[in-house]
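Let's take a walk through this protein, starting with its sheet and ending with its charged pairs. Keep the model open beside you as you read.

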Amino acid sequence: MTIDLRAAPATPLRSRIGLFTAALVAACIAPQALAADYDPANRSEVAEMVRKLTGEGLDSAELSRVMTDARRSQSVLDAMSRPAERHLRWDQYRQIFIQPARISRGVQFVAEHLDAFERAERDYGVPREVIAAIIGIETDYGRVTGNHRVIDALSTLAFDYPPRQPFFRKELEAYLTLTEEQGLDPLSFKGSYAGAMGYPQFMPSSYQAYAVDFDGDGVRDLWREPVDAIGSVANYFAGHGWVQGLAVAAPARGPSSPPEGVEVNSIERPAQRIASLADHGIVSTAELPEDLPVTPIALDFADGHYEYLLGTENFYVITRYNRSHLYAMAVTTLAESIKEALERQ
């Protein structure tokens with residue numbers, strides 16, 4: 001850009017210098033400000049996605065508008081690429097989520113939406129305390145739902161994060177599809193750096209598959225409607241095989257450290273039998289059928305000791321939400337604490 005100070009001879013020198021500086025700054029930042037990171041006209045892979053979704057019935061012009069507005073997020077890439085977190089012992093992980101305030105807010109959340117929780121139990125067979133614990137751990141009952149624009153997070157990971165591009169490409173397509181189907185603006189919603197959304201932090205594909213309009217207003221809204229979130233979490237668990245009436249985990253006793261030849265803390269479907277585990281020193285202290293398939297859980301503590309439980313099919317179902325035995329234990333522990341508090345009331 002060329003700035004000609006002679007174009008305004010009547011302007012005082014200080015003002016002319018100010019105008020020159022402002023124009024120069026604008027010239028420097030304009031290319032970045034106007035950059036369209038995912039404009040289909042500039043990115044062939046984005047154009048390919050737009051053509052695919054247009055073939056599935058979405059509006060081409062709207063898709064192009066949305067993708068032109070999407071921005072590459074370095075903070076998302078940094079979060080995805082940072083080294084895996086160090087191993088946390090169970091007592092460390094538990095302290096993050098099992099706190100009196102979170103338990104109290106869980107009790108209040110159930111009380112505020114008691115009708116929805118009762119209907120979820122009837123319709124899906126999932127206890128209210130488990131549903132509440134999921135939402136409590138994911139977003140502290142809707143208080144912390146993420147500060148990344150979903151379109152930016154998913155576009156960045158779909159097109160600029162090679163390790164998992166296919167997965168996030170599908171999630172971006174799911175997000176664009178569900179927002180158009182529901183008449184929502186895909187540019188207006190925020191979520192986690194991975195694109196998880198709303199009260200229960202559903203990924204878009206899970207939103208499509210399991211979100212329900214539980215409050216009957218015609219919209220499956222997990223961002224603003226806690227009742228929809230309650231029904232949707234219950235539906236997710238039922239869809240993944242939740243067994244009504246089955247305990248999530250049963251207490252057990254075991255050796256000072258996990259025995260060799262036994263896989264503990266697995267997130268695969270339970271396949272070990274109580275009788276065979278007893279041969280390795282892991283013994284159920286609850287009345288369970290000898291042929292019940294379980295997963296032995298060994299929880300470590302700062303002083304080096306272990307506590308043992310036997311995870312059932314329902315423990316496995318919780319790990320479908322987040323593939324971590326520590327996460328499933330946090331949900332289980334918070335749910336038990338909420339249930340105890342509700343019973344005291």
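How many bridges join strand β4 to β6, and do they run parallel or antiparallel? Two bridges join β4 (residues 272-273) to β6, and the two strands run antiparallel. Strands here are DSSP runs of E at least two residues long, helices are runs of H or I of at least four residues, and both are numbered from the N terminus. Two strands count as paired if DSSP finds at least two bridges between them.

A word on the model before going on: it is predicted, so local features need pLDDT of at least 70 and side-chain atom pairs count only at pLDDT 80 or more, while totals for chains, interfaces and linings use all residues. Residues are numbered from 1 along each chain as its sequence is written, and side-chain values use heavy atoms, with hydrogens and water left out.

Arg273 has Pro293 as its bridge partner in β6, and Gln272 stands opposite Val294. On to β7 (residues 306-311), which pairs with β6 in the antiparallel sense over six bridges. Here Asp300 stands opposite Tyr306. The two strands make a hairpin with five residues between them, and Gly304 in the turn has a positive phi of about 95 degrees.

Next comes β3 (residues 249-253), joined to β7 by four antiparallel bridges. β3 also runs antiparallel to β5, with two bridges between them. Ala252 is a handy landmark here: its bridge partner in β7 is Tyr308, and in β5 it is Ser284. Put together, five strands form an open antiparallel sheet in the order β4-β6-β7-β3-β5. β4 and β5 (283-284) are the edge strands, each pairing on one side only.

Is β6 mostly buried or exposed? Seven of the eight residues of β6 (residues 293-300) are buried, so this strand is largely enclosed by the rest of the structure. "Buried" means under 20% relative accessible area, "exposed" means over 50%, and "partly exposed" is in between (1.4 Å probe, protein chains only).

Now zoom out. The protein chain has 15 helices and seven strands, and buried residues make up 48% of its 345 residues. Among contacts (heavy atoms within 4.5 Å) with a separation of 6 or more, 69% are between residues 24 or more positions apart.

What does the inside look like? A nonpolar core here is a set of buried Ala, Val, Leu, Ile, Met, Phe, Trp, Tyr and Cys residues joined through side-chain atoms within 4.5 Å. The largest one has 90 residues, and those with the most contacts inside it include Met67, Ile131, Leu172 and Phe237. Helix α15 (residues 325-344) gives the most to this core, with 10 residues. Leaving aside neighbours within four places in sequence, Ile131 is in contact with Phe117, Ala120, Val126, Ile230, Val233 and Ala234.

Helix α4 (residues 74-81) has Val76, Leu77, Ala79 and Met80 as its buried residues. They cover an arc of only 160 degrees around the axis, going by the directions from the helix axis to the C-beta atoms, which puts them on the same side of α4. These buried residues pack against β1 (148-149), α9 (150-160) and α10 (165-181). Glu173 lies in α10 and is itself buried, at 9% relative accessible area. Not counting residues up to four places away, Glu173 touches Met49, Lys52 and Leu53.

Finally, the charged pairs. The structure holds 16 salt bridges, each a side-chain nitrogen of Lys or Arg within 4 Å of a carboxyl oxygen of Asp or Glu. Asp140 and Arg105 make one of them, at 2.8 Å from N to O. Asp140 sits in the loop between α8 (128-139) and β1 and Arg105 in helix α6 (residues 100-112), so the pair ties together parts that are 35 residues apart in sequence. Asp140 is buried at 12%, whereas Arg105 is partly exposed at 22%.
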